[in-house]
Amino acid sequence: EPYLMKVPPRNTQGDLVVPGIMWAYKWFPFIVSLAFTVISCLQLSIWTHTGYTSGNALLGSSRVGLLEEGLSACEYGGDLDERGEFIEDDLPFHCSCKKH
C-alpha cells in the first residue's frame, strides 16, 4: 500500500549491520583499546593487591625455594606415595603476600 511507504527501503545488497569503513575506523580501534585497557587495569590491580603479576605465582607450588625467592605466593606440602610420586595436600601450608 503506497501510503505506508513514504521512504523507500534501504539497499540490502551490502553489509546490513556495520559497513566495512565503520568497522575499520571505529569498531576495530575501540575493541583493541578496550581490551588493552581492561587487561592493563586487571594486571595493575592484581599487582597492587598481591605483589604478583602472573597467575602461576598466585596458584601456589610444591617446588622448593619458590616462596623464598619471591616467585610464588603459596607453598603446598604433601607426601610421597609408594611409587615415589608426590601427592599434594588440598590446602597450602605456607603463604606470603608482598604487599601486606
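This is a predicted model: local features need pLDDT of at least 70, side-chain atom pairs count only at pLDDT 80 or more; totals for chains, interfaces and linings use all residues.
Now, what does Arg 83 pair with? Arg 83 forms a salt bridge with Asp 81, and the closest N and O atoms there are 3.7 Å apart. The side chain of Arg 83 also meets that of Glu 85 in a salt bridge, at 3.4 Å from N to O. Because these salt bridges share partners, Asp 81, Arg 83 and Glu 85 are joined into one network. If you are wondering about the idea behind this, side chains of opposite charge can pair when their charged atoms come close.

Is Glu 85 buried, partly exposed or exposed? Its relative accessible area is 42%, so Glu 85 is partly exposed. And how many salt bridges does a search of the whole structure find? The search finds 2.

Let's stay with charge for a moment. On the surface, Asp 79, Glu 88, Asp 89 and Asp 90 gather in a patch of negative charge. To find Asp 90 in the picture, look at the loop between β3, residues 86–88, and β4, residues 94–95. Why does Asp 90 count as exposed? Its relative accessibility is 75%, and the exposed class begins over 50%.

Next, please move to helix α1, which covers residues 20–50. Here we meet another kind of patch. Ile 21, Met 22, Trp 23, Tyr 25, Trp 27, Phe 28, Phe 30, Ile 31, Val 32, Leu 34, Val 38 and Leu 42 make a nonpolar surface patch of about 1,200 Å². Trp 27 sits in helix α1 and is partly exposed, with a relative accessible area of 38%. Ile 21 is also found in helix α1, and at 59% relative accessibility Ile 21 counts as exposed.

Ser 72 is in the loop between α3, residues 66–69, and β1, residues 74–75. Is Ser 72 buried or exposed? With a relative accessibility of 2%, Ser 72 counts as buried. Which residues does Ser 72 touch, leaving out those up to four places away in sequence? The answer is Tyr 52, Ala 57, Gly 60, Ser 61, Leu 66 and Leu 67.

Two other residues belong in this part of the talk. Cys 74 lies in strand β1 and is buried, its relative accessible area being 12%. Gly 65 lies in the loop between α2, residues 55–59, and α3. Gly 65 is buried too, with a relative accessible area of 16%. Buried here means under 20%.

My last topic is distance, always from C-alpha to C-alpha. Cys 74 and Val 32 are 42 residues apart along the chain, and 34 Å separate their C-alpha atoms. Gly 65 and Phe 36 are 29 residues apart along the chain, with a C-alpha separation of 34 Å. Let's go back to Ile 21 as well: Ile 21 and Ser 62 are 41 residues apart in sequence, and in space they are 53 Å apart.

One more pair takes us to the segment before α1, where Val 7 lies. Val 7 is exposed, with a relative accessible area of 64%. How far apart are the C-alpha atoms of Val 7 and His 49? They are separated by 58 Å, and the two residues are 42 places apart along the chain.

Conventions. Residues are numbered from 1 along each chain as its sequence is written. Side-chain values use heavy atoms; hydrogens and water are left out. Patches are made of residues with over 30% relative accessible area and no salt bridge: like charges are joined within 9 Å, nonpolar side chains (Val, Leu, Ile, Met, Phe, Trp, Tyr) within 5 Å. Accessible areas come from the Shrake-Rupley method with a 1.4 Å probe; for residues, only the protein chains shown count as cover. A salt bridge is a side-chain nitrogen of Lys or Arg within 4 Å of a carboxyl oxygen of Asp or Glu. Lys and Arg count as positive and Asp and Glu as negative; His and the chain ends are not counted. The place of a charge is taken as NZ of Lys, CZ of Arg, CG of Asp or CD of Glu. Helices (H or I, at least four residues) and strands (E, at least two) are DSSP runs, numbered from the N terminus. Buried means under 20% relative accessible area, exposed over 50%, partly exposed in between (1.4 Å probe, protein chains only). Contact means heavy atoms within 4.5 Å.
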